[in-house]
Amino acid sequence: MANVIPNAFKGELLSGTHNFASGGNSFKLSMYTSSATLGKSTTSYTSDNEVSSPSGYSATGKALVPVTPTLDSDTAVVDFADLSFQNVTLTARGALIYNTTTDGGSGTTD
């Protein structure tokens, strides 16, 4: 899977749906198998083909901690604190960052 920014997300940024600043919206990262169909038409979290693990990874993924957005030259950047999964064995071929605060908000896929 390539890095993709869903079309719905682009419009939601312009309408102020997502607040990436510390204290803003809450976001999660969920991981998927190679059978997942994440792409530019993805509009929200889906459990279809999400990875499973007997311990350490739960369905819906893990919460991300945002860092205040910055400008790097001509590119706006939001950086999340690194996630750590302890004692987890799984194979993931893609990931989805999604907004858990908004109702049905879309995210970015990787």
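1. Thr68 sits in the loop between β2 and β3; strands here are DSSP runs of E of at least two residues, helices are runs of H or I of at least four residues, and both are numbered from the N terminus. Thr68 is partly exposed, with a relative accessible area of 46%. The terms are set as follows: buried is under 20% relative accessible area, exposed is over 50%, and partly exposed is in between, with a 1.4 Å probe and protein chains only. Thr68 and Leu13 are 55 residues apart in sequence, and their C-alpha atoms are 16 Å apart in space.

2. A word on the basis of these values. This is a predicted model, in which local features need pLDDT of at least 70 and side-chain atom pairs count only at pLDDT 80 or more, while totals for chains, interfaces and linings use all residues. Residues are numbered from 1 along each chain as its sequence is written, and side-chain values use heavy atoms, with hydrogens and water left out.

3. The protein chain has 1 helix and 6 strands, in the order α-β-β-β-β-β-β along the sequence. The radius of gyration is 14 Å, close to the 13 Å from the globule rule for 110 residues, so the protein chain is as compact as a globular protein of that length. That radius is taken over C-alpha atoms, and the rule is 2.2 Å times the number of residues to the power 0.38. Along the principal axes, the C-alpha atoms fill a box of roughly 40 × 30 × 30 Å.

4. Of the 110 residues in the protein chain, 30% are buried. Among contacts with a separation of 6 or more, 67% join residues 24 or more positions apart; a contact means heavy atoms within 4.5 Å. The protein chain exposes about 6,600 Å², of which carbon and sulfur atoms supply 49%. Accessible areas come from the Shrake-Rupley method with a 1.4 Å probe, and for residues only the protein chains shown count as cover.

5. On charge, the protein chain carries 5 positive and 9 negative side chains, and the centres of the two sets lie 7 Å apart. Lys and Arg count as positive and Asp and Glu as negative, without His and the chain ends. Each charge is placed at NZ of Lys, CZ of Arg, CG of Asp or CD of Glu.

6. The largest nonpolar core has 10 residues, including Phe9, Phe20, Met31, Val51 and Tyr57. Strand β1 (residues 27-32) gives the most to this core, with 3 residues. A second, separate core of 5 residues includes Tyr32, Ala36, Leu38 and Leu96. A nonpolar core is a set of buried Ala, Val, Leu, Ile, Met, Phe, Trp, Tyr and Cys residues joined through side-chain atoms within 4.5 Å.

7. Leaving out residues up to four places away in sequence, Leu29 touches Tyr57, Thr60, Gly61, Lys62, Leu64, Leu83, Ala95, Leu96 and Ile97. Leu64 lies in strand β2 (residues 62-64) and is buried, at a relative accessible area of 9%. With the neighbours up to four places away in sequence again left out, Leu64 touches Phe27, Lys28, Leu29, Phe80, Leu83 and Ile97. Leu64 and Ser22 are 42 residues apart in sequence, and 11 Å apart from C-alpha to C-alpha.

8. Ala95 belongs to strand β5 (residues 94-99) and counts as buried at 15% relative accessibility. Ala95 and Ala76 are 19 residues apart along the chain, and their C-alpha atoms are separated by 21 Å.

9. Two backbone angles deserve a look. Most residues other than glycine have a negative phi. Thr60, in the loop between β1 and β2, has a positive phi of about 85 degrees although it is not a glycine. Thr60 is partly exposed, with a relative accessible area of 28%. Ser73 is also not a glycine and has a positive phi of about 60 degrees. Ser73 is in the loop between β3 (70-72) and β4 (75-77) and counts as exposed at 61% relative accessibility.

10. Ser84 lies in the loop between β4 and β5. Ser84 is partly exposed, with a relative accessible area of 39%. From Ser84 to Gly56 there are 28 residues in sequence and 9.8 Å in space, C-alpha to C-alpha.
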